[in-house]
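Please read them alongside the coordinates.

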Amino acid sequence: MTTIVYPAQPEQILKSLSRLWTALGEEEKHQGKPTVLRACAMTLIVATDEPDLGFSASQTIAELMHEHPSRGIVLAISDRAERDLQARVFAQCWKPFGKAQQICCEQIEVTVRPQSFPLVGPTLSGLLAADLPVVFWCRHHAALAPAATSDQTAGIGAVMRLATKTILDTKDMDLECLFRRMQQWRTIGRLIADLEWTRLTAWREPIACLFDTVRDNPYSNFDRVEVAYTGDTVPASAVYLAAWLAHPFKAKVSLRETSGPSPGIQKVMLHSPGEIVVLERDRSDHMTLASTRTREREYNYTEPTLYSLMNEELAIIGSDPAFDSAFEHAQEILNSVR
Amino acid sequence: MSLALQTTAELNPLQDSLRFGRRVPPCAIVIFGASGDLTKRKLLPSLYRLFYERRIPPSFAVIGSSRTPMSDDQFREKMRNSVSHFLEDAPFDGDVWSSFAQCLFYIPGDLNDPASYDRIKQKLNQVEQSHKTAGNVLFYLSTQPSHYEEVVAELGAHGLAHGNGWRRVIIEKPFGHDLASARRLNDEIHKVFEEAAIYRIDHYLGKETVQNILAFRFGNGIFEPLWNRRYVDHVQITAAESIGVEGRGAYYQETGALRDMIQNHLSQVMATVAMEPPTVFDADNVRDERAKLLRAVRIMKPEEVAKFAVAGQYGPAHVGGQDLPGFRQEPGVSPDSQTDTYAAVTFFIDNWRWAGVPFYIRTGKRLPKRVTDVAIQFHAPPLGLFNQETRTGLMAPRPNLLVLRIQPDEGISLRFLSKSPGSGMRLRPVSMDFNYGSSFGERTPTAYETLLVDAMSGDPTLYTRQDMVEASWQIVEPILEVWGNTKFDFPNYAAGTWGPKEADEMLERQGRKWRVP
């Protein structure tokens with residue numbers, strides 16, 4: 001069931017949502033028992049300039065609802081929008097395996113003309129789920145690019161002001177420009193997350209395991225980190241990984257291009273005087289951790305999807321000290337590489 | 001999190017507890033009693049699910065052992081059928097099973113045959129090479145409790161308690177059948193394994209909702225100030241089952257509800273509800289506080305047992321168009337059995353926080369529905385401003401009630417009074433509800449998934465320690481002794497009812513009544 005709301009006044013949108021829940025409740029009256037559970041643990045706002053008018057963003061939100069029930073608000077910014085601001089409300093429902101009751105989350109799709117993007121703040125303010133965190137997922141690539149217009153910059157600024165946390169993705173973006181802007185946002189107190197950092201968890205976890213045995217750890221004296229990646233430009237993930245590893249141990253960093261089964265990081269090497277430890281993605285679904293001394297371990301590797309990355313990020317609403325530290329030092333590494 | 005893990009996390013500069021999952025090192029699990037119910041209903045479905053979610057590493061193997069002659073392939077096929085049948089809240093994936101099955105092995109053998117342990121040792125050496133299990137082994141004793149001492153002794157005699165990696169042993173409940181036997185069993189196990197390697201499982205402690213009691217109490221600022229005798233009138237803990245003994249009559253006849261549920265699961269739940277906050281959230285501190293609480297429970301004198309404890313046994317009944325047998329009519333049960341299928345006990349905790357507050361615990365089979373919850377009933381307001389309406393019979397006064405629902409419909413609700421719309425001050429009880437599903441999506445790990453990961457990772461926080469086991473035997477032992485010398489007039493409640501009338505009378509004598517969950 002969907003309802004178009006125009007003009008997109010928060011009051012009107014909220015009334016539509018209320019009517020939606022009333023309609024869903026009708027079924028309960030017939031059955032005489034609760035059949036729908038209304039679920040909401042946060043407001044998730046997605047801004048997108050993708051040509052599908054937010055369709056793929058809505059699909060990912062629908063998947064995420066299962067783990068992170070939320071009031072989803074998709075802002076589709078497009079020249080093709082029929083009106084300045086127009087909203088549509090509907091419910092995302094699913095029935096957990098083996099359960100009789102449906103779980104439903106509400107979703108609001110707002111189509112916005114580009115010139116109205118800076119003006120979305122008041123509308124969104126009225127739509128936030130009360131007293132719950134607000135996460136902003138910025139999928140508006142043009143607004144993150146060096147050539148972003150003032151409307152685009154103001155637009156994401158307006159949403160960011162409402163957000164507890166902003167998630168963006170520096171993959172395939174101009175890192176120098178975007179790192180600079182991220183630093184500016186961080187300076188004024190915005191909580192920023194980068195999905196390129198999230199992609200690293202599968203790499204960071206096995207490496208971190210090596211340092212669990214603290215006493216007489218043979219690895220703690222490594223002095224050089226080497227990160228090999230595929231692609232023409234250095235991915236942010238390679239810079240982050242190098243920063244995360246090198247900083248605590250004051251190790252030197254080298255980044256180099258290589259070949260591999262798919263884009264991204266392929267190999268990490270930790271060089272110490274007596275040993276070299278290598279974590280390598282030797283197949284598309286497999287990683288091996290080996291050292292010149294003794295150990296060898298195998299790990300499954302799954303190429304992360306947007307869903308899995310967002311799923312991980314939405315579980316962290318507050319600050320992320322490991323990322324904060326890596327980001328600080330990633331800027332230095334990026335500057336030295338350039 | 002254990003102290004060891006925490007220290008490691010603090011010192012490891014690359015640790016990232018926000019994102020990294022619990023580390024499960026490579027290991028092999030040896031299950032004794034592999035053709036039994038627990039293995040097929042709980043252990044294998046949990047291990048499969050952990051494998052499905054990639055929460056256990058590829059360097060992993062399971063060696064099942066029991067008397068039933070089977071090949072590896074027959075064991076795999078049998079477990080495939082069980083897992084696909086008993087998997088909870090999750091679909092079965094044939095492809096994932098094919099990979100998982102490669103980690104399953106079977107060694108037939110008698111528990112008292114030394115040659116069986118030699119074959120297990122040989123297989124462990126094999127999988128250490130083929131599956132790179134690093135010599136780490138977790139032994140799971142899922143046998144009849146009477147075999148525990150024997151199996152552990154054989155593990156020691158065959159050098160299986162030590163090896164290239166760590167060695168741990170999980171022991172299912174019941175840990176002894178009274179205080180003396182629990183102590184004896186502990187002494188025997190300690191001859192082979194150190195305390196740090198002994199994991200006494202109580203699966204209630206692994207339930208998300210039981211763990212959430214600690215989060216609810218100590219992660220929020222508003223509840224703990226009310227959590228004491230000044231505000232709490234009494235606490236009711238209910239664990240009701242609608243089913244009977246389901247073919248386990250012979251086993252159950254030797255156990256009874258008090259031993260089966262209250263001595264272990266429900267006393268641990270009570271300890272979780274009533275314990276003091278630990279100074280640090282780690283295994284030792286959390287277990288210290290639980291143990292301290294159990295030691296503060298007043299031990300009944302024999303003459304007090306009749307006043308504070310009620311035994312029951314269900315009789316036959318016609319429920320929902322179906323004739324249900326009484327306990328004495330169940331297969332394997334003696335026709336004059338004196339076993340309690342229902343037990344209700346009033347405990348008092350003699351410490352500063354809870355002095356004078358009764359904790360009512362009841363459990364039983366063939367009750368009207370399956371439900372486990374904890375209800376904290378607060379004192380009524382000091383002044384009855386709205387009693388006038390009560391005198392008209394519109395509403396009896398009802399104190400606030402906080403209910404922690406452990407299963408099913410996991411969640412928390414707070415009952416309070418609200419004005420009914422319209423003229424006049426007519427009040428009506430309403431409920432403020434938190435349901436897990438409305439905030440945390442669809443699936444939470446089962447208790448066995450949680451506890452297996454903890455044991456493999458070396459975190460004993462949710463396992464019981466010997467002092468906790470002994471303290472919980474101490475509080476039920478006087479009741480067991482009196483009941484053991486009593487000839488009850490059983491059956492005293494019909495299937496499908498909330499237990500014997502004596503249980504209602506126990507509360508009525510104190511001016512209270514059981515909730516209807």
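1. Across the interface of domain 1 and domain 2 of chain A, zero salt bridges are found (a side-chain nitrogen of Lys or Arg within 4 Å of a carboxyl oxygen of Asp or Glu). The model is predicted: local features need pLDDT of at least 70, side-chain atom pairs count only at pLDDT 80 or more, and totals for chains, interfaces and linings use all residues. Residues are numbered from 1 along each chain as its sequence is written, chains are lettered from A in the order in which they are written, and side-chain values use heavy atoms, without hydrogens and water.

2. Domain 1 of chain A covers 2–163 and domain 2 covers 198–337, with bounds from an automatic or database domain assignment. The area buried between these domains (accessible area, 1.4 Å probe, that two parts lose on being put together, summed over both) is about 870 Å², with 81% from carbon and sulfur atoms. In domain 1, Leu64(A), His68(A) and Trp137(A) lose the most area to domain 2, together 46% of what that side buries.

3. Between chain A and chain B, 42 residues of chain A are in contact with 26 residues of chain B (heavy atoms within 4.5 Å). The two chains bury about 2,800 Å² between them, 55% of it on carbon and sulfur atoms. Phe97(A), Glu205(A) and Asp212(A) supply 20% of the area that chain A buries against chain B, more than any other three residues.

4. Five salt bridges are counted between chain A and chain B. The side chains of Glu298(A) and Lys132(B) form a salt bridge at 2.7 Å, N to O.
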